[in-house]
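Please open the structure in a viewer and keep the selection tool at hand.

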Amino acid sequence: MTFDQITLISPQIVLSIGIMAVLLLGILWKNPEAARKYTALISILFLLFTVLVSIAMHKTGDISNLLRFDTFTRFFLLFALCCAVLTIILASQSREISARRFPEFTALLLTIVIGISLMAAAEDLLMAYLAMEMVSLSSYILTGFKKTHRISHEAALKYVIFGGVASGIMVFGMSLLYGLAGTTSFSGIAKIFLDSGSVVNAGSETVILLATIVALIMVFTGIFFKIAAVPFHMWCPDVYQGAPTPFTGFLSVAPKAAGFAFMLRFVSILLPQANEELKTALLAILGLISAATMTLGNFTAINQMNVKRLLAYSSIAHAGYLLMGVTVLDQVGFNAVVLYLAIYLFMNLGAFAVVQIVADTLGSEDISAFRGLGYRMPLAAVSLGVFLFSLAGIPPLAGFIGKFYLFAALIKEGGFWYILLAMIGILNSVVALFYYTRILKEMYLRGLEIESPLQLNWVHSGILTVAMAAMIFLGLYWEPLSKLVSTAVGTLSLL
Amino acid sequence: MMESTILTWIIFLPLIAIPIILAVPEEKKRAIRLIATLASALPLLLGIYLLIIFDSSNTGIQFQHHFIWIRSFNIEYFVGVDGLSILLVFLTALITFIAAIASWGIDRKIRGYFSLFLLLETGMLGTFCALDFFLFYVFWEVMLLPMYFLIGIWGGPRKEYAAIKFFLYTLFGSLLMLVALLALYFNSNPTTLIDGTPAEHTFNIVKLIQENDFSTAAPLLGFEFTKIIFVLLFIGFAIKIPMVPFHTWLPDAHVEAPTPISVILAGILLKMGGYGILRINFGILPEATIWAAPAMALLGGISIVYAAFVCMAQKDLKKLIAYSSVSHMGFVLLGMAAFTNQGITGAVLQMWTHGLISPMLFLLAGVIYDRAHHREIDGFGGLAYQMPEYTGVLGLAFMASLGLPGLAGFISEILVFLGAFPVYRVITIFSALTLIITAAYYLWALQRMFLGKLNDKYSNLPDLTWRERFTLYPLGVLIVILGIYPIPTLNLITTTLVSMIQNFRV
């Protein structure tokens, strides 16, 4: 490994040192509250330092054709870092995570960050699989982090079983692809379609095509599991409900983004070489899953009584919206996906932050706990309103911009199926608004008579204000973000 | 063309007042009300100034403010007014100001109330001024949020149902509009942005009208492009008008909304549908408009006749007025579908006169509700003895609404009939005959509420207060003036409208 290659992975190295530092330092403080405070501080400093490192030492390059470091990778690294900072701040205030075990929580969270950055960088199936398992394993542990809660254990177990099956299917698909291509690198796999005509006798193209499609579906199964797309979404509501709320927020955003990063890079390398049949097959699968995911997610969310479960189904629906952008299979569509993810980060984490605050103060995650919140905790309620309207895609909030870009990508592509998918997406948005307003109704339209204000500490106020400001600002002026995103996506080797 | 920031000031002045209101403690109710009223008075003053300096012989866009907003998507900030929108901008400023005064009666959570109220005003003014389709859409949607809360928090017993129904209905319509907006964008010709840089596509409504012909665009979902886009846009706007059969949200929203919000809903929000059809459908898709005109006339006619009959059966005064709005907005559709000078002028004038009359009716319904705490038409009787002034003003509003010659409603309705008769004889005859029904339900209501024996329960109801006079009389005076001498108003709009439909004549 040359020095150049080491500079490429310097952010990951810094993070690894951070993990060890957090674990060691966590033991030093005898007082658990002090340990919580200082590990939070130190881990945030490490994360910010990683941000600096990744910007200052930024270079483009490969490591042994396994990992590719470019603007796209860096974008998702920064994305995960941003997520982690917000999550650690929220977790440090949470009652669900005991102070004594906080360093452990932080260390595990940082390993997920590393895993996510590697998932975005992977250009080899093996590497991608390892990175994904890194994310998954830490996620399993963190889901079951509340040792004394049955529901948390159940969630973790479900997650492990589902995750195990999904990654098993994925590895099997990868082995099939290896058999077809003789290599596990993305670019090697892309060549299957180039050589198929010449190597074997005529007539076998169809067989190879079919085999490739089956293998690809299996690989995608792993990704669909990660992003919680139908029909691999069953774990999602239980896990979201059972996991400690700060981690639920993280789980609903960061691993999902990593799944999309992996998918985008994989598809973007596969695509230029692929023949029409394969493209059509890919499109049909992605389109179908997209439509099914958003419809099922939205319609199931309508009847949820627990806000965390409601947001879980909403995040399933959002995976469906995001997949719409992937189906376009070009730069415009991918831009829309990544832009939406960046916006989704703030609105979803923000929404979960409010849920955490309410659950910690009132001891309940049910919608009824939110009654009159608008008059008891104005800032929290206003910001939740902003996040929910943003998730529903109402201008002038950022979520609308995200949806606008997704629909724009579909309509630009034209064609019967794309317009149909856009129409399905639009009908879904109306349904989504209905269940988001159930929470708003509880917060504002009811409980006007409740006159007992609740306290909000400055950390929470700060985080909510920042996320809310981001939603409004990005909804009014998103030019810088869209530039950033298109540079990141531009480094993918699309046609 | 001359740049001017006056419209930007009109649009955003109410928005600027919101932080000021939020900074005042909730207890200082008087201060909050004063600030809010002042914040809605300023756009009105600027609006009057706008009317004075508006050049009615110019058919182009005036007072435009134009710069690039999001370069990477060719989105511009572009506002301006022409003969089509000038009256509606003024109407919005006027009605909002009156509604702000009427809102002094609101007593709960008034900081939140006035903040949302002013946000709503910004959205409405922006919609009428925006000439970039994206900007138009943003303003259009911005109105939904405050409206949901204004109905949902300060509304009547079934407020939750009414608020969500309004929200979902309108959102559905506007999302269809979003599809149409994007499809139009991606099929538009290359052009330049305001600073001269080339742009592949455009959202600029003026350019979409002048430089594009969508009749050759590829079909969408198997339908002819212009036709499906027309239908998508039309449904979005028809829900707002509201046209039968998309009108069912309106009675609920009106009945549950607090009085000032009903005033705004009837006075301004309904006009957006008509305005949208004229600005977007007529402008950008002329051929599809000709194709759809008979259907528009028929649907307009059905709205007129059906809603009038529904009015006959109403027991709640507010519901009666709400359905009469549906009926009267049908005239707008009928008038514009005729493509005659009188027809289209009548349609726009009808929006303006209905924008004066229906707020007055809702204010009057609010007056009686504040005193008696119910609005059952049959629950009163003989009020004329107890509240003579109220009876007089209400009589004037009823007469104006049923189209009595000499009052504003008559002018616009007669223009619509004159314009539509040569083109759609049967529909026009039925619509004109409906005026009898209209007269019947108004007069019957008048009789039941004000004549006969005074209900003893109400023997001590006070007559109009000064605040109520202040909201009612300006509207009444305008209605009378407009009914006797409508020429100045007509001059403002005729030139633009006539040039707009020149190409539509068959």
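The tour below says what to select and what is there.

This is a predicted model, in which local features need pLDDT of at least 70, side-chain atom pairs count only at pLDDT 80 or more, and totals for chains, interfaces and linings use all residues. Residues are numbered from 1 along each chain as its sequence is written, with chains lettered from A and ligands numbered from 1 in the order in which they are written.

Select chain B. Its secondary structure comes to 20 helices and four strands (DSSP runs of H or I, at least four residues, and of E, at least two, numbered from the N terminus). Along its principal axes the C-alpha trace of chain B spans about 75 × 60 × 40 Å.

Next, select residues 62–70 and 75–81 of chain B, strands E1 and E2. Six bridges join these antiparallel strands (pairing needs at least two DSSP bridges). Four residues lie between them in a hairpin, and B:Asn74 in the turn has a positive phi of about 55°. B:Ile70 stands opposite B:Ile75.

In chain B, 28 residues are in contact with 26 residues of chain A (C-beta atoms, placed from the backbone, within 7 Å). On the chain B side, the elements giving two or more residues are helices H5 (133–142), H6 (144–154) and H7 (159–186). H7(B) gives the largest share, 13 residues.

How values were computed:
A residue is buried if 20 or more other C-beta atoms lie within 10 Å of its own, exposed if 12 or fewer, and partly exposed in between; C-beta atoms are placed from the backbone. Two residues are in contact if their C-beta atoms, placed from the backbone, lie within 7 Å.
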